[in-house]
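Let's take a walk through a protein chain together. Keep the picture open as you read.

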Amino acid sequence: MKDHQNVPLNDFIEYPVNEMQTRANDFLANSQRRHSIRSFSDRAVPKEVIEACIKAAGTAPSGANHQPWHFVAINSQDVKQKIRQAAEDLERSFYEGRAGEEWLDALKPLGTDANKPYLEHAPWLIAIFSQKKGGIHAEDKNTNYYVHESVGIATGFLIQALHHAGLVTLTHTPKPMSFLSDICGRDRDNERPYMLLIAGYPAADATVPEHALVKKDIAEIATFL
């Protein structure tokens, strides 16, 4: 490697092999309890919990460490109502034919439709934005690299952090999502809405589609050489 400023790696913890296997299995078991939920309770979730989970997302690796993301955590009922109205307007045209027959057929086992009551019923919405320019300091205006990949990794961290904290989530990606920029007051020139994440407690009668429980076998998703 070329010369660069660095510090010693002093927070790595090495575990015995048997403990490593136990931890890996425990994480797998916990991940298998993560489900996308569409019925949320309106029970309050402390801001501090959401904040800690977003901080965890911010530790994700990114191109040149530019961290090209911004998270807008929405608890305001008024803002949530505006988002629901705009999203449902788009979703109606999607389900009325804009999506195409193949896509709609793929969604049928999940039972989804244009109605998105959870967008105002859940305690928190987190709008995730990607940034074209930035850097490791807030005032930087450099070109960001591997933006889509970086924000995708950070979003995965956030979903797992919320699950680990004891909450359920749902990813929502209406197209186009430009309305989120307007409602959240974000810079359209530099930022692009990436995803809307719904977070909170599940409703007492929450269900999981059987279709969503089908996961590919390790032999279908991985090759070991």
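Start at Gln67, which sits in the loop between α2 (47-57) and β1 (69-74). Helices (H or I, at least four residues) and strands (E, at least two) are DSSP runs, numbered from the N terminus. Although Gln67 is not a glycine, its phi is positive, about 50 degrees. With a relative accessible area of 26%, Gln67 is partly exposed; buried means under 20%, exposed over 50%, and partly exposed in between (1.4 Å probe, protein chains only).

A word on the source: this is a predicted model, in which local features need pLDDT of at least 70, side-chain atom pairs count only at pLDDT 80 or more, and totals for chains, interfaces and linings use all residues. Residues are numbered from 1 along each chain as its sequence is written, and side-chain values use heavy atoms, leaving out hydrogens and water.

Now move on to Tyr146, in the loop between β4 (142-143) and α6 (147-165). Tyr146 is a residue other than glycine with a positive phi, near 50 degrees. Is Tyr146 buried or exposed? Tyr146 is exposed, because its relative accessible area is 61%.

Next comes Thr169, in strand β5 (residues 168-172). Thr169 counts as buried because its relative accessibility is 4%. Leaving aside residues up to four places away in sequence, Thr169 touches several residues, including Arg34, Phe40, Leu162 and Ala199; contact means heavy atoms within 4.5 Å.

Finish in the loop between β5 and α7 (178-184), where you will find Pro176. The peptide bond from Lys175 to Pro176 is cis, and its omega is near -10 degrees.
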